[in-house]
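Colleague: I'm new to this one. Could you walk me through how to read a few of its features?

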Amino acid sequence: QSGAPTYCPFDLKNLLIFTLRGYLQALQRGNKRLHFILNRLLQLAWDCCDLDLHKAEALQEIESQSASMQPWMWYVVLPQLLSRVHNSDMRDLFTKLILGVLCAYPMQAGWQMVQLLKSTNKERQKLGTDVVLEASRRSPQEVHMLMVTYYRV
């Protein structure tokens with residue numbers, strides 16, 4: 001049956017949106033499986049962007065639902081956010097989430113930012129510098145002094 005259109009019994013877009021929404025709303029009601037849920041959510045987002053499959057809708061859903069989440073929740077998956085922030089589709093959203101964590105917990109998140117600042121890849125290094133500069137603008141004294149110290153390491 002080559003050439004026959006493939007049939008999907010589900011509305012894939014709605015299934016994806018409801019899944020993402022369900023995961024994020026579950027975290028607002030309890031955080032027992034926070035690490036597993038956010039890892040799965042980030043993998044779904046990565047797959048959508050990688051396959052070019054409803055990526056705008058998926059990222060929009062994550063952005064709207066994450067507005068009511070605390071920065072400490074995203075701190076748990078900060079390494080995954082930092083490793084995927086280079087993706088052009090996810091860059092804006094992930095930068096926003098990283099900034100929230102960095103401004104809320106500069107001492108803890110600062111060490112993880114060093115991987116971007118000290119990267120041998122110039123694009124990742126520039127991205128790390130941009131994130132740190134933006135965080136310094138938002139909470140000037142604490143983040144700026146801390147990142148100057150980390151950058152010298």
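Modeller: Let's start with His54, which sits in the loop between helix 2 and helix 3. Keep in mind that this is a predicted model.

Colleague: What is the phi of His54?

Modeller: His54 isn't a glycine, yet its phi is positive, about 55°.

Colleague: Where is Asp52 found?

Modeller: In the loop between helix 2 and helix 3 (55-66). Asp52 also has a positive phi of about 55° without being a glycine.

Colleague: Is Asp52 buried or exposed?

Modeller: Exposed: the relative accessibility of Asp52 is 54%, and exposed means over 50%.

Colleague: Now the helices. How do I read a packed pair?

Modeller: Two packed helices are described by the angle between their axes and by the distance between those axes. Here, helix 1 (residues 12-29) packs with helix 2 (residues 34-51) at about 155°, and the axes are 10 Å apart. Angles over 145 degrees count as roughly antiparallel, so that is how helix 1 and helix 2 run relative to each other. Helix 1 passes helix 2 in a left-handed crossing.

Colleague: Which residues meet between helix 1 and helix 2?

Modeller: From helix 1, Leu16, Thr19, Leu20, Tyr23, Leu24 and Leu27; from helix 2, Leu34, Ile37, Leu38, Arg40, Leu41, Leu44 and Cys48. By class, this contact of helix 1 with helix 2 has eleven nonpolar residues, one polar and one charged.

Key. Residues are numbered from 1 along each chain as its sequence is written. This is a predicted model: local features need pLDDT of at least 70, side-chain atom pairs count only at pLDDT 80 or more; totals for chains, interfaces and linings use all residues. Side-chain values use heavy atoms; hydrogens and water are left out. Axes are lines fitted to C-alpha atoms, for helices over the stretch in contact, and angles run from 0 to 180 degrees between N-to-C directions. Helices (H or I, at least four residues) and strands (E, at least two) are DSSP runs, numbered from the N terminus. Angles under 35 degrees count as roughly parallel, over 145 as roughly antiparallel, 65 to 115 as roughly perpendicular and the rest as oblique. A crossing is left-handed if the near helix is turned anticlockwise from the far one by less than a right angle, and right-handed if clockwise. Contact means heavy atoms within 4.5 Å. Ala, Val, Leu, Ile, Met, Phe, Trp, Tyr, Cys and Pro count as nonpolar, Asp, Glu, Lys and Arg as charged, and the others, Gly among them, as polar. Buried means under 20% relative accessible area, exposed over 50%, partly exposed in between (1.4 Å probe, protein chains only).
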